[in-house]
Each structure stands twice: as C-alpha cells, then as structure tokens.
Amino acid sequence: MQHQQQQQLDTESDYPTAIELLRQRSQRLATRLQQTQKEFATKLPNTSDYPLIEQKANQFMRNYVSQSQTQLPQQRSMPTLNVAAATGTATANHVQQQQHQQQQQQHQQNHLTHMPLPMSGYPYPMPSYGMPMHSLTAAAATATTTAAAMPPTHQQQQQQQQQQQQQQEQKRKRKSRQVLNGEVDALKELVLRLACLSPDIKAHAQQFITQNEVLAQLDWLNFSDGQPLNRANNYMTANLMRLSGAPIARRIDGGMDMHRQQQMQHQLQLQQQQQRSTARLPANQVHPMNQMRFGEVLRSRRDSDLSTTSSSSTAATPQQQQYQQQQQQSDNSGAQSPRKRNRNRKKRTDKNTPRSLQTELEAMRSYINKIVQQYVGSEQQLPQELVFKGDYGDLETHARRLVAAGYGRIVEEEIRVNRKNNRQAFITMSTDRETLERDGIVLLPVARRYAFEGDTVRAFVLNVGAAVSKTTDASSGAIIGGKGSLSLAEDEELSDETESQDSDDDSVTVIASDNCPKAFVIAIVKQTELRQIVGNISFTNPTKLCDDELFYKFRPFDLRMPMVYIPQASCAAHLGGKQIDEVCGLLYLAHILETDSNGHCIAELVQPLGRVGDLDSELKAILFHNSLRDIVPYEERFNKMYADAAPAVTADDLVNRRDMRKSCVFTIDPLTARDLDDALSIEKISENEFEVGVHISDVSHYLQENSELDNIVKERSTSIYLANEVIHMLPKTLCFRCSLLPGEDKYSFSVFWRMDGQGKQLGKPAFTRSIINSCSQFAYEHAQKIIDYPSEPFTEDDFPNILNGFTVNDIVQRVTWLHGIASNMRTKRFDNGALTINNAKVRFTLDPLEGEPIGFEIEQQREANHMIEEFMLLANQAVAKFIHDAFPKIAVLRNHPPPLTKSLRSLREKLQAHGLDLDYSSSKALQASMQKICQEAADPVAMSACLSQLLMKPMARATYICSDGKTEPSDLWHYALSIPIYTHFTSPIRRYPDVMVHRLLAAGLNYCTAPERTPEELHHLTKIANDRKYNAKQAGDDSSNLFFKRYVSNRQVVYMRAVVMEIFQHMMNVVTLESGHVISINYKMQRVLIDTHNAPNFILVAERNLKQPPYKLQFLSVVPIRLIIWDGKLTGFLLTHDQRQKGPNMEHPSSRKDKKQQQQQQPARNNNKLIKNVHIRNVQQQAQEQQRLRRQQQQQRMLALQKNSS
C-alpha cells in the first residue's frame, strides 16, 4: 500500500489524490485512536490524562470527521473496498450481508456534511472528490450501526463472525502494535511529503496537528521548507531534536522504530555527549533528558496495551488485513526488525528445541570469525585464509594459521567456568599472581568444546590489546522493568538460566570481560575426574533431542554445569509405580556419561537424595554437591573406644609434662562452643614481666599415627560446620575426651612466653607437653564485659562457675592483663603490614521444635575476640618456626600467596572513577587504604561491606604446604599476616594438619621419634586437607544460604538496606548490610522502570506513573530492597515509592485467596505458637536443670580432689 502511495506522489497531477489520501488516513486513524483511547481509559480509570484525551478526541470527531464532506463540490468515483470481506468466512447469506452493508454506508454518506481542508495557498487546480467512508465505517460503524440495523438473523450471523475475528485477533496481539504503528508511519510520511510542497500546506498541517489533542501525541517534526524527508531522516531528526533539548510533542513509541533510532551514528554521538554531561551532575540530580526518556517509554507501553486491547475488541479492516499480510510476508522473507529477530531467536533456542550438529558447528564458526574480526578491527577486511569454514577437526590447523599471522598463541591449561554464568569460561595465561596479564575468556559453550570445570584444554588465545569486547555505550541501553505483577512474559527468562543454548547474543554476560583476550578451545586434553553432580529432576514432560529418544531434564546445583539430560529408558527403576506428584521435585545424584557432539550433557541417575523443600534432604544434597558424600557417621566401635571416663592421671603420665592443674587456666570461646581446643593462663612475675601460656588440647596423645582411626581421620581432615549442626572430624566421644572442659584433667601442648606489659617478648618461647585443669569456661561475652567495665565490682552471678579455689577477681585481673598485652600486640602487627578483611558470618536462631530458622544475627568481632586471636596467632607463628628449624623437609606449614595484581588494578580503576584511591603496593598499604576509604565514606558500614566483597575476588586462598622443595622466602610468606612463616597448631580437634604439627613438635622436643610419613605422603595429605577445607567451607556457606532462604520464605518478604556493588546491562549485584549476602537484582522483573543507557556507570530508576522524579543508582549507592523467594530462588526487588513510604512493616502483597487462607489458618498457627512456646520453656528448664546438676558434679569432684590432696 505504501509503495502504491509513493508511486502516486511521483507526478504533479496526482497531488490532489495524495491530499485526499491524507484526509482518509487521518480520519481513519483518528477514529481508531478515539476507540482505543476510550477502551484504554476504561482499563486504567486511575490515569488522569485519559478522560481529557477522550474528550478532545470526541470533539475532534464532531468537528472534523463527521463534517468532512460538507463543501466538496464534485465527486469522482474511487475504488470502493469490500468491508464484508474483512469479517471472516463466507456464509450462505454473504451476498445479502454485503448489499446491506453498502446500503448502510450510502445512508451514512447521505447524512454526512462536507468540510474543506484549508488550502487557499495551494498553487495547483484542485478537482472535487467524493469522500468514501469505507475506512471509517470499517473501524467504527461496522461494529455498531451496521449490527444495530440488521435483522435479528443477520445480527446473530454478524456476532458469530465478529467472535471469529476476535479469536483470530487474540492470536495476533503482538502484531496489533505493528499495525497501528504502520498506519501512524504512513500518515506521517504523507504529511511530511505534502508539507514540502507549499508553506501554506505546512502551516495548515502544523495548526491542524497542534490543535488536535489526539494527533498531537504523535512525534511530528519541524519541517524544512522544500526538503523532502524520508522515513529514516524523520526518525534521525526526531532524535536529534530530542537529544538537543528541543521541545517536541509526545509520541506513540513504535518499538522497532525506537531500535532503528538507536543505530543512527549521529544519535550515538549526541547520546555520548549527554552521558558525559550527565556524569558531571551531582549524584542526586538527574539530567532532564533522562526524565523525558522515561515519559516516552511509559507512553509507549500504554499505547502498546491500548493497541492490544483494540485488536481484540474491533474487527479488522481490509487495510489492516492487507498490512498484516505484508508484515507476515516481510517476516518470512527475513526483513525483520532487530526486536523481532531477537524474539525469533528466543523461539529457536527454546528449551525443547533440539540442536543439530550443523547448528553447533555454525555457531562455532561464527564465534571464531567474530572474535578474530574484532581483533583486527571492523574497518579491515579479514583475509580469506583466516576465515574459519572448516569443522572441529580443522581447529588445530586454523589456530596455527592465526598464530603464524601473529594474532595470538596456543596454550594448554585448566579451564575455569564462571559460577554465575556457565556461558563464560576462563583459561589461565600465567601462574604469576603479580603479573598484569589477563586470562583468556571463552564466551560460548561450544567454543570451549563443552569442557567442564577443571578440564585441561588446548586453546587458542588472542593477543591482548585489541578491542575484543562488546561496547557499553549508550546505544546498548534500554528502559526495562515496570512490571505490574511478579511474572515474566512468554519469551522472557531469568538471566541466571543454566540452559546452555547457543546464540549470538552475549548480553547475558555477568562478568565484564573488556580487558580479557578472547579464546576458543581446540580440544580437551584431559578430563577432570569429577563427573558426579547433584541436582533436581521431575519425571514429567520428557524432551526429545536430536534423535527419537526422550530425555528428562536434570538441573544441577552447580551453575557452572549446563542442563543435563537423563534418558527416559534408564529411569524406569527410579519411577516404579509412583504417582505423578511423587516424581516431581526430587533430588538425585547423577553420573555424567558423555557430552555429545551437539553439546547435550548426558548422564545417568545414581541414587536419590530426597525431595526439594525437605530440610534434611537439601542439607544432604549440599554435602554431596560439595564432594563430601563420603563423610559418614563413625562406626559405633570407635565411639565405644572413648565412651568411658578418662583414667586418672598417673606418675608415668606426668613424664615430659608440666603439671598446670593448680594454675589459673581458663577457656574463652563462643557461647555455644562444645569443642574447647585452647585455654589461656597468665602470671605476673615482676612489676612489668608476665608469663603468658597458650594451652592446646593434645589430640595426638590419643590419635596414634597410622592407626586405623588415624587413617580415617586423615581422609576426613576437618570438621564441617553447617548452619544447624557440626559434623565432627573425630568421633564424638573422642572430641569430648579432648575438649578442655572445666574441672577435668586434660592433656595439652603448651607454649609459654616471657613478655612485658607492652607485649614485647623477653626471650624465646618455650614448648612443652602439659596437663591442665581449667577453672572456668568463659564466653566472649563474659570477657567483653570485663574489658568494657574493668573497675566494675563483679560477683559470681555475673560469670560461669569458677573452680579450683580461684575467685572472680582472679579471672578479672588476668583478663585485664591479657587484653592490655593483646591490644599492643595487635597494634604492632598491623604496623608491620597485617591485613584483615571482615566478612559477615550469619548465625541463625532455630526453632527447637521444627529446626526452622526464626531469626539471625551477624557474629560480632569485638575486643574479646581479638584478644584470643592475637595469642593464637602468636602460638601458631612460634610453632611454625620451631618445626621448620627442626624438620626443614617435612614441616607442615600454612602459606598465603599475594593477591592477583591485575584484579586489584581493575578495582583501583573502578574506585578512582568515584574519587577513591586504593593503594595495593603492599598489604600494609592496602589495609591503610581500606581504613581511610571507610572512615571518609558517608556510610562507613556500607563502604566496608562493599569493599570486603570486592577484595575477596583478587585474594588468594591460603593453603597447607609441605616445606619440601620450598627454598625461597616467598614460598613460605603469609601475605595477610605479613609474617615469614606460619602454621596451624591451635585447633587439633577440628583440623587434621594441626595433629600433624603436634607430632612434629613432639618429635622436635625429643618426646618421640620423627613422623614416619615421607615428603611425598605429606604433599598428598596437604592436598587432601586443602580440598577438604575448601569443600567444607563451601558446604557451610551453602547451608547458611539455604537457611537464609528458608527464613525469607517463612517470613514471605524481608526488607533490607543494600549497597550497590556492580552494575551491568541487565542486572546489578548488591550487598545487604544486615546479613552480608550478595543479591542479584534482575531489571526485567522490577515494578519500577530502569534506564540502562548509562550502564555500567549508573542506572536511573523511575516510578511507572512518573509522579516522582527518577533517581540515580551507581556504585556504592545505598538502596532499600525487598527479598522474596520466587521460583525457588532468592530474588531481590527495588522498592516502589509507595513501598518506601510504608516502610518495612508493609504487608506482603498476596492474593485475596491467600489472605483468606491465612485468616483461616491463623487460629491453628496461634495454637502451634503456644505449643512451641511451652516446648521452648520446657527445653530451657531442662537446660537449666542440667547446668545445675553439672555444677553439683563439679563441686563434688572438687571436694574429692581436696580430700585426696589432704
């Protein structure tokens, strides 16, 4: 149709036809807008603008449309369009209906008057034309007047046909917006072309558009005289006017046209200038053009809803059907807008769409050619011999060609997969942590040949320095969010989807890879041994892959893994005769069999682990997921070995042991601690000289090297601390035997120092085996009370029982001495370059009846904690030096390498952009910079939380090492403590390396022979210890996250304050200040509008109704958020203005049905609460009774000891 219109404008004689066509189109469009505005006004009654628009539209229809034929002289016949053809299928009364419609149309024409279009200055002769009203009647009269005038039978048939049309239009809702935009564009093109003919026509057109409230919503331009404008120039000019700040009328956003605007070069330049000017604004001030952009998007979304409503309630006209057919033809021919292409791409990569080998190969070719072209530059032509056209077997040859051309190099290294986005993988380019060379990055699963985490690969990596990454200018931004409810559209998905489907869209990138050289994998050299994974599966809706075999989807816990497929035929044994509700949401352990050539990861089920949502099952799955499946309870025979009471100490037991049972020795641990590894003592020798002792449980006295139990313990290597329980490294009875409980004789290993009140050592430390009897079990809270109030007259009621004849004043005095010395030692340690990064550790309060979390708190690190920490560090350092001097080849030490310099440099650049300076030249400089930045920040708590998270990434993990082969001082240096040598000695009940250190210390003191293990065995044991420690920490963190999710789920919604840590194009990461959790906020799920044109520098957030001005969020901004569990995931949301006004006590939005259910269940819940409260009181009373009995037993033992000594 548009092509025909352009042909009509090619000759001067057809100008009147064009004018008449303009009149027709404006009438038809105004009618359409009037109807849709009226429908949308009823749909949004709270929107104040639409009643006014409706009133103006009605006035326009009365003054213009209904009087459009008043004074036109003559009529010339024009082709009439068959309106009945738009109604649907032919029926038996089709001819009669057509005649009846023509009669109705003629009846309308006879009663309509004519009104001339003002064209007094038009230089050409203007013949008269009859105004055919078919387009008007098709849009309005067909649905009302025609139906009302028909006989009843005709009316029923017409209603049936209209229902059929509505059903068809319901299926094409997405295209209705394009239909309306097409009509708008065609009208604007005609007006622009005609406006170039005469100044009078331009003036009349401007006046007509300005005075009409409906047409004034379109994006009209200030026309240049005599300059014909095409469609592209129209949008270019509109954007230039918008960006320059010129006043323009409102517009109906066409979506795909908006995308075309963003591709214009002049617009990019102007937007970059605007971005630079906006960046210079204060943090709380928003550029006015950004606020205008929000208004356009809001109107665009309203018009989209309006168009969809209209398409479902109004019969399609023949012109609309013709336009839709043209759109369908253009879609089929590939002439699609970028947004349409993206939508089709999502359809092609649907989860149920099988991928072919050819598709994977094409994706591989496209990726390789794309990264190489980006390396050489888009302005240079890539030589044909460097264009990859082969298959997988040709990758080696092609990589060698690229190497010969000087584009990169071939390496063989382990591959690491991004934990948050399994589409990204990294190849280590250098093991030197101080190098600035960045790792290679692979951005496509097929381009890494579907290698798993830890696989050794042969890969080609481009050189550094090319523009190899996607730009992040303003053209890549968009306005996202604004959802009215918590849901996603059919073609939307969350950014953390683990489906590994290939596409050319790398917008899901989570980690900025601007400075990482691109790479691709040639082949997998060695596969990692870890091929067992944990995940959930529902034995429903099997998927057909490339062949005819059906598979069930298995979603791994590990986000580095792609979607896994389980053959349906192999699941029969696991299904049995279970019902459909019994096979949904199950937890399983699976073994990976292969990754086929199409990238599908095929596996088989090994064993069930439980059901999703069951707390015990999910904790079990966490252990399996973190490679701790072999940690099982000890056999009963090992517990029986130490179940009886410890035998009395004999004279033989005191050989080579210092008897400290009559000294004032006490423990200070967390309030809920059960494994008491360490105790302290201090005695004043002279005015400014003290003897300080650290006493550690002597586990090696019971755990003999190479015994059956020892060989089990060395494989367990560490205790596992979950959120609700501890899985002990030792049998529980042995833990109890070794724990330094008060009032009991315990074997220990002790270190003594002579030092003054300033913490200066007055000689070398002394090491000895010992036997102690602790006089009291203090908690950190008790010691902190003494530190805070040293002059307070404390009584026995303020502390736990104090035994062995010591008093409260004895303990208070010794805690005061220890605190004074430790404070000076801590100050000196940080002066020497020590570094500490505070990470929040959450401790949960559990329901004693059900085990569910009912509260949480962050463990506070106060001066009492620091006091104990200083003496434990001092003991570990002293023992490390002693055992390394005694056994330089087999010493078990603790090493901490320096952080990644390249990552610290990136962080420094990020902070410098916000006026903050980070000096990482040494650990001392880094600590000083952190303290200065936090102290000068507006919100020191938020700054500390954000910096702690950002600094964890470049920091290396401390590891256990065997000293064999470590000849350089840097091999033994501990970066964070800034000391030359270090080990673990103070926690043998929960760490096996400490047991090995105890044996080395005993051998160095000539208490026993040297350990029998060779350096090779020690290297192996330290590797086991490192792996176990890391896995145990991950399991503890996973359990903490699980309990936090259940806490949020039980509360339904939790409100917190968070600080912005990272901003990306589609999401941002924030750190909660109350719990220290890193939360990802997905823009598309938000109820507020989010403008990402300036990401990653900042984003703009606005309300959907634009009643409040937009506000800026950037790095280090503090923002309130709400947390809920959606689709089983912890999901964060920005608060709307109303939610911020109501505060954190606002009711969680839920449906009326849910509220009724809650009201009905409230009495039952109250009863449950009463039962729980009674149970809690009973448990507390039982605990108090047990504590009272324990005190009596201790007093009886003390009396017995006194009688024996007397």
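Analyst: Start at L730. Leaving out residues up to four places away in sequence, L730 touches Y634, V699, L703, V713, C735 and I989, where contact means heavy atoms within 4.5 Å. One thing to keep in mind is that this is a predicted model, with local features needing pLDDT of at least 70 and side-chain atom pairs counting only at pLDDT 80 or more, while totals for chains, interfaces and linings use all residues. Residues are numbered from 1 along each chain as its sequence is written, and side-chain values use heavy atoms, with hydrogens and water left out.

L730 belongs to the largest nonpolar core, a group of 82 residues, and together with F871 and F985 it touches the most other members. A nonpolar core here is a set of buried Ala, Val, Leu, Ile, Met, Phe, Trp, Tyr and Cys residues joined through side-chain atoms within 4.5 Å. Buried means under 20% relative accessible area, exposed means over 50%, and partly exposed is in between (1.4 Å probe, protein chains only). Helix 25 (residues 863-886) gives this core its largest share, 11 residues. Helices (H or I, at least four residues) and strands (E, at least two) are DSSP runs, numbered from the N terminus. There's also a second, separate core of 41 residues, with V372, L402, L443 and V457 among its members. In soluble globular proteins, nonpolar side chains tend to be buried together.

I682 counts as buried because its relative accessibility is 0%. Setting aside neighbours within four places in sequence, I682 is in contact with F690, E691, V692, R814, W817, L818 and I821. C664 is 18 residues away from I682 along the chain, and their C-alpha atoms are 7.7 Å apart.

D439 sits in the loop between strand 2 and strand 3, and it counts as buried because its relative accessibility is 11%. Its side chain makes polar contacts with the side chains of R416 (3.1 Å) and K902 (3.0 Å). A polar contact is a pair of N or O atoms within 3.5 Å; within protein, one must be able to donate a hydrogen and the other to accept it, and residues adjacent in sequence count only if both atoms are side-chain atoms.

D439 and K902 also form a salt bridge (3.0 Å, N to O), meaning a side-chain nitrogen of Lys or Arg within 4 Å of a carboxyl oxygen of Asp or Glu. This pair links distant parts of the chain, 463 residues apart, with K902 in helix 26 (residues 901-912).

Now compare R999 and D710, whose salt bridge has its closest N and O atoms 2.9 Å apart. R999 is in helix 30 (residues 992-1004) and D710 in helix 21 (residues 708-716), 289 residues apart. Both R999 and D710 are buried.

E857 and R843 form a salt bridge too, with closest N and O atoms 2.9 Å apart. That one joins strand 23 (residues 853-858) to strand 22 (residues 842-846). E857 is partly exposed at 41% relative accessible area, and R843 is partly exposed at 27%.

A search of the whole structure turns up 34 salt bridges, and E396, R400, E412 and R458 are linked in a network of them.
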